[in-house]
Amino acid sequence: MSDSLSRQDQAGDGRTRVAVVFGGTSSEHGVSCLTAAGVVGALDPERYEVLGIGITRSGRWVLVDDAALARLEVADGRLPELSEDAADAVLLREGAGTGLARREQHGPERSALAEVGGIDVAFALLHGPFGEDGTIQGLFEMMGTRYVGAGVLASAVGMDKQVMKLVLAASGLPVGPWVALPPARWATDRAGCLEAVAALGLPVFVKPARGGSSLGISRVDRAEDLVAAVEEAQRFDPKVIVEEGFVGARELECGVLADLDGGPATASEVAEIRVQSASGFYDFEAKYLPEEQVALDVPADIPAELADRVRAVALATFEAIGCEGLARVDVFVTREGQVVVNEINTMPGFTPHSMFPRMWAASGVAYPELVDRLVQLALRRPLGLR
């Protein structure tokens, strides 16, 4: 059949059409699916029409119907995953905006494109590379699609821990000691890499430079375990970062939301993570498959003066990378009381039980209201250079 576009009748009921984009090719595919289920459930069906767009592990864009969206949940200890057995989703540039079409696949032949309708705003809930790192944000900018969250540059900076630390340090924000191990340097000067890491002292945390959800992260307490930890991180990203471990530090988080009227961003109540898992840190299992492995205190039991300092650092971090919409800023508070930025997450976990929504719930912004505010922020924000 031809690839010509055939139009289907649309209801035209006046609701805002929100394309929820999720899944992706990164190792955080399942986490993204969980996040999508939470957001879809929070969108008011009287005001919003949801268009589910999944990106499978192979990279196909597919349409996800309501029944499939309802099945995005943890089952038997396994995160959900998108099926390849679905119609293709195709974005179309239509004037100043974006349209969506479907294409059925039947063996070697494919159907003609059938238009699904226009997209008012995209809510990309992709975690990790090729979604949270500025790539899909650039696609949305080129397609004329309004979208939730940080733009191209802020997304890219927030995803790359090396670049993030350089930007934050240049902005006068406190970051801990670290060493970056690009793949070429690791391949040609391993001894020099190990010497640089040794200067950090032990313990250290070895991480994929552009990963998330704590996948591929190892705590290293013995020098002889460092090479294996780097190789484990390289399974998720060729570039690795090694950070000095903060022994005895408290791990705090703070959410940031942009203002609907263009005023200063607002910081949420501060939360604390108290890890009780065998690994001793907030790893993937503790985040997404919890079985009394971690305690999340929302709000944190800390003095008001410390909470104010954490909020101030979170807002300064948000501003330093030029973030928009939302972010979660993670910090350490050392034994001496210093607040040190660990990282900024421009698309934090967004299930109803994730830290970011819980912090805002404690601040008086319920989950459905939070989702609505982010969509409204995206609708008000201009595309292009701003």
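On a 1 Å grid over the protein atoms alone, a cavity is a set of points where a 1.4 Å probe fits but cannot get out, and its lining residues have an atom within 4 Å of a point. Grid points are joined across faces, edges and corners, and a volume is the space filled by probe spheres set on the points. The structure is a predicted model, in which local features need pLDDT of at least 70 and side-chain atom pairs count only at pLDDT 80 or more, while totals for chains, interfaces and linings use all residues. Residues are numbered from 1 along each chain as its sequence is written, and side-chain values use heavy atoms, with hydrogens and water left out.

A search of the whole structure returned three cavities of 30 Å³ or more. The largest cavity holds about 70 Å³ of space, and its lining includes Gln137, Ser155, Thr346 and Met347. By class (Ala, Val, Leu, Ile, Met, Phe, Trp, Tyr, Cys and Pro nonpolar; Asp, Glu, Lys and Arg charged; the others, Gly among them, polar), this lining has five nonpolar, five polar and one charged residues. The second largest cavity, with a volume of about 40 Å³, is lined by residues including Lys165, Glu243, Glu244, Val341 and Asn342. The elements giving two or more residues to this second lining are β14 (240-244) and β19, where helices (H or I, at least four residues) and strands (E, at least two) are DSSP runs numbered from the N terminus.

Ser155, one of the residues lining the largest cavity, is also among the buried residues of helix α4 (152-159), buried meaning under 20% relative accessible area with a 1.4 Å probe and protein chains only. The cover over the buried residues of α4 includes α3 (135-143), α5 (161-170) and β19 (339-345).

The UniProt record, an unreviewed entry, places the feature "binding site" at Asp330 and Glu343; such annotations may be inferred rather than shown by experiment. Asp330, in strand β18 (326-333), is buried with a relative accessible area of 3%, and Glu343, in strand β19, is buried at 15%. Leaving aside neighbours within four places in sequence, Asp330 is in contact (heavy atoms within 4.5 Å) with residues including Leu252, Asn342 and Glu343, whereas the contacts of Glu343 include Lys161, Met164 and Arg328. The side chains of Asp330 and Arg328 are joined by a polar contact of 2.8 Å, a polar contact being a pair of N or O atoms within 3.5 Å, one able to donate a hydrogen and the other to accept it.

Key
Buried means under 20% relative accessible area, exposed over 50%, partly exposed in between (1.4 Å probe, protein chains only). On a 1 Å grid over the protein atoms alone, a cavity is a set of points where a 1.4 Å probe fits but cannot get out, and a pocket is an open set with protein on both sides within 12 Å along at least five of seven lines; lining residues have an atom within 4 Å of a point.
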